Amino acid sequence: MADKSSPMMTIPTDAELIQAQADLWRHCLSYLTPMALRCAIQLGIPTAIHRLGGAASLPDLVTALSLPPSKAPFLSRLLQLLSTTGVLASNEARIYSLVPLSYLLVDGILVDGDASQAALVLCLTSRYHMEAAMGLADWFKKDIAQPVPSPFEDVHGATLFEESMTVLDPESDKLFNEALAAHDHMGIGTILRECHGLFNGLQSLTDCCGGDGTTARAIVKAFPHIKCNVLDLPRVINKAPSDGLVNYIAGDMFHSIPPAQVVMLKLVLHFWSDEDCINILTQCKKAIPSREVGGKVIIMDIVVDSSSGPLFETQMLMDMVMMVCTRGRQRDENDWSAIFMKAGFSDYKIVKKLGARGVIEVYP
């Protein structure tokens, strides 16, 4: 029996119930938004609009996409949803044009030096990610020994970005790694411009989990005096280009990090648990000199902020995808501070917030 002293829930009005039903429909059907986005990429809609000069009518797109004319009415409905959700812009004449979001999805175009983000969309809307999310309730009910595997691991018996995923589905593994690279490297041009002081006076830098070296090469081109190392697992480094701009090192950041004045972790730590992050940061601290001679760790990662308005929902969704697909999480400033101190660092500074992410300097 409910506690009679507890306040009773106010019975909703008719108007509130009608609105609640509409909200429920929106929540239940919102999965169709990323599915429509996935469809747009697979059809090549953003690329077609770009090739048509940045704006196109329905007949233009039917022709450019080589679709049967009978599908024109259905394409019109897809385009209407994409316009309503801000993926495209449209006017009263039903001319569809690119917006910054869809510009990121144009095939073969570099946005501020960054590759298309289409792979990220295809990755996050893949059946592997959907099935992992659908297994969430079953995962919660299981009493699993530590370390707790992610729902993705529980459902598929494989771990993202590891050999087990390659064995399970080589093509999807390739897509997921392309998505990771697109996600990791996006925005480095903005960071170099907005946070120029981060790199002033640096002589050497190690980019942990630097992949193919895209970020490190961008840093060297902007600051030619910096000697950059790229540390990643052997299977990643073996595929990296050897252009002489950066020094590629095969290794494991949990065991050892090549010494440098600065160690950089760009969108790395949110994939890992707090305990793992402390271990990684401990290795970072061993690799850098004292603060007096410029030693520091540069972290570029999401800093959750409940006062950030619409970005807060994005940050919460990013936290959910970390929970579903990895053993990591997104962190607010207090969370970051706690793991910095536990790893033996003395201080930190959030240099700048760029969208959902923050740029943090951590000092030994």
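UniProt positions are given in the numbering used here, with shortened feature names, and annotations may be inferred rather than shown by experiment. This is a predicted model, in which local features need pLDDT of at least 70, side-chain atom pairs count only at pLDDT 80 or more, and totals for chains, interfaces and linings use all residues. Residues are numbered from 1 along each chain as its sequence is written, and side-chain values use heavy atoms, leaving out hydrogens and water.

**Exercise 1.** Describe the span that UniProt lists as "domain: O-methyltransferase C-terminal".

*Solution.* 
- Step 1. The UniProt record, an unreviewed entry, places this feature at residues 136-346.
- Step 2. Helices (H or I, at least four residues) and strands (E, at least two) are DSSP runs, numbered from the N terminus.
- Step 3. Residues 136-346 are 45% helix and 15% strand, and their end C-alpha atoms lie 38 Å apart.

**Exercise 2.** Locate His270 and decide: is His270 buried or exposed?

*Solution.* 
- Step 1. His270 is listed by UniProt for "active site", in an unreviewed entry.
- Step 2. His270 sits in the loop between strand E7 (262-266) and helix H16 (274-287).
- Step 3. Buried means under 20% relative accessible area, exposed over 50%, and partly exposed in between (1.4 Å probe, protein chains only).
- Step 4. His270 is buried because its relative accessibility is 0%.
- Step 5. A contact means heavy atoms within 4.5 Å. With neighbours within four places in sequence left aside, the contacts of His270 include His183, Asp301 and Met322.

**Exercise 3.** Work out the surroundings of Ser102.

*Solution.* 
- Step 1. Ser102 belongs to helix H6 (residues 100-103).
- Step 2. Its relative accessible area is 0%, so Ser102 is buried.
- Step 3. A polar atom of the Ser102 side chain lies 2.9 Å from the backbone nitrogen of Val99.
- Step 4. Leaving aside neighbours within four places in sequence, Ser102 contacts Pro46, Val87 and Leu88.

How values were computed. A polar contact is a pair of N or O atoms within 3.5 Å; within protein, one must be able to donate a hydrogen and the other to accept it, and residues adjacent in sequence count only if both atoms are side-chain atoms.
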